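Please look over the following model with attention to helix packing and to charged side-chain pairs. A short report comes after it.

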Amino acid sequence: MSVLLNNISKIYENEKALDQISFKAEKGEIIGLLGPNGAGKTTTMKILTCFISQNEGEASVCGFDVSKNPIQVRKSIGYLPEHNPLYKEMYVREYLQFIARIFKIKNSSQRIEELIEATGLTTEAHKKIEFLSKGYRQRVGIAQAMMNDPEVLILDEPTSGLDPNQLVDIRALIKKIGEEKLVIFSSHIMQEVQALCNRVIILNKGQIVADDPIELLANRLGGVRKLIVEFKNKMAKEKLLKLSGVSSVELNEGKYEIFYKEENDLREDIFDLAVAESNKLLHVSGEDATVESIFQHITN
């Protein structure tokens, strides 16, 4: 077992950032940690990386307690914060050599070249970090996080602000790393989570509201599906919410996104409602609930 949290709570002044959260994770998992701003994602990561301590509960990494054995925990993890703290005036190899000395890496030159190749930095390794694109700076950040060959890699918003091509490259890199390590990362990009993760943990107001394999996440909500409906005139959301099996309704660019249990077929009810309200039905289409729509459904 690589990571274990048991009833972890964290209080900032009078605000509870985490409220008795528990989960365990093991090698070979790529876990997407999701939640709206202020949900507790970064706080969870900072506790696991020993930057802050919890008020209640226990947490361990690779069998080492984060409170009692912080040095051993830090030796077991690699961490890339949301705001990648690099020394921009240094050259790529110079910076990685500096990190290698901190970790007292044997055969550091060989390890640095391995990481440069693994993270796709070969063509940029001779440059100063300040002249790199954001995508390559993120690669440098991942390389430094991997320097000590950690069993657990924790990434906070690793793809924030990257262009589409950079996204593809960084996703491929994370997926490759996840074959041999435990990777926990936070993201606001739902397509990224769906493409990368084999497990999703959703936090909301400091509590875990979902923890499932990616392919079973919809089943946790009792098999939620989504119906996209467009009327000619505005329809009161309250009337749609009264239809059998409907759990929530969102209006998005003139179209209603209706979440409902999959055993209910809403199409006939939608048509009858339009007739009863003397409204014209312009569009109806159904789709499986995506990670993004489930996230919205749970956190709202």
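This is a predicted model: local features need pLDDT of at least 70, side-chain atom pairs count only at pLDDT 80 or more; totals for chains, interfaces and linings use all residues.

## Packing of α3 and α4

Helix α3 spans residues 92-103 and helix α4 spans residues 108-118. Their axes lie 10 Å apart and form an angle of about 125°. Because angles of 65 to 115 degrees count as roughly perpendicular and those over 145 as roughly antiparallel, α3 is classed as oblique to α4. The crossing of the two helices is right-handed.

On the α3 side, the contact is made by Arg-93, Leu-96, Gln-97 and Ala-100. On the α4 side, Ser-108, Ser-109, Ile-112, Glu-113 and Ile-116 take part. Sorted by class, the contact of α3 with α4 has four nonpolar, three polar and two charged residues.

## Salt bridges: count and a pair within one stretch

The model has nine salt bridges, counted with a limit of 4 Å between a side-chain nitrogen of Lys or Arg and a carboxyl oxygen of Asp or Glu. One of them joins Lys-127 to Glu-124, with the closest N and O atoms 2.8 Å apart. Lys-127 has a relative accessibility of 30% and so counts as partly exposed. Glu-124, at 11%, counts as buried, because the cut-off for buried is under 20%.

## A bridge between β9 and β10

Asp-211 and Arg-199 form a salt bridge in which the closest N and O atoms are 2.9 Å apart. The pair links distant parts of the chain: Asp-211 belongs to strand β10 (residues 207-213) and Arg-199 to strand β9 (residues 199-204), with the two residues twelve apart.

Asp-211 has a relative accessible area of 28%, so this residue is partly exposed. Arg-199 is buried, with a relative accessible area of 10%. Both residues also belong to a network of salt bridges that includes Glu-29.

The side chains of Glu-277 and Lys-239 meet in a salt bridge, at 3.5 Å from N to O. This pair, too, links distant parts of the chain, its residues being 38 apart. Glu-277 sits in the loop between α10 (267-276) and β14 (281-288), whereas Lys-239 is in helix α9 (residues 237-241).

Key:
Residues are numbered from 1 along each chain as its sequence is written. Side-chain values use heavy atoms; hydrogens and water are left out. Axes are lines fitted to C-alpha atoms, for helices over the stretch in contact, and angles run from 0 to 180 degrees between N-to-C directions. Helices (H or I, at least four residues) and strands (E, at least two) are DSSP runs, numbered from the N terminus. Angles under 35 degrees count as roughly parallel, over 145 as roughly antiparallel, 65 to 115 as roughly perpendicular and the rest as oblique. A crossing is left-handed if the near helix is turned anticlockwise from the far one by less than a right angle, and right-handed if clockwise. Contact means heavy atoms within 4.5 Å. Ala, Val, Leu, Ile, Met, Phe, Trp, Tyr, Cys and Pro count as nonpolar, Asp, Glu, Lys and Arg as charged, and the others, Gly among them, as polar. Buried means under 20% relative accessible area, exposed over 50%, partly exposed in between (1.4 Å probe, protein chains only).
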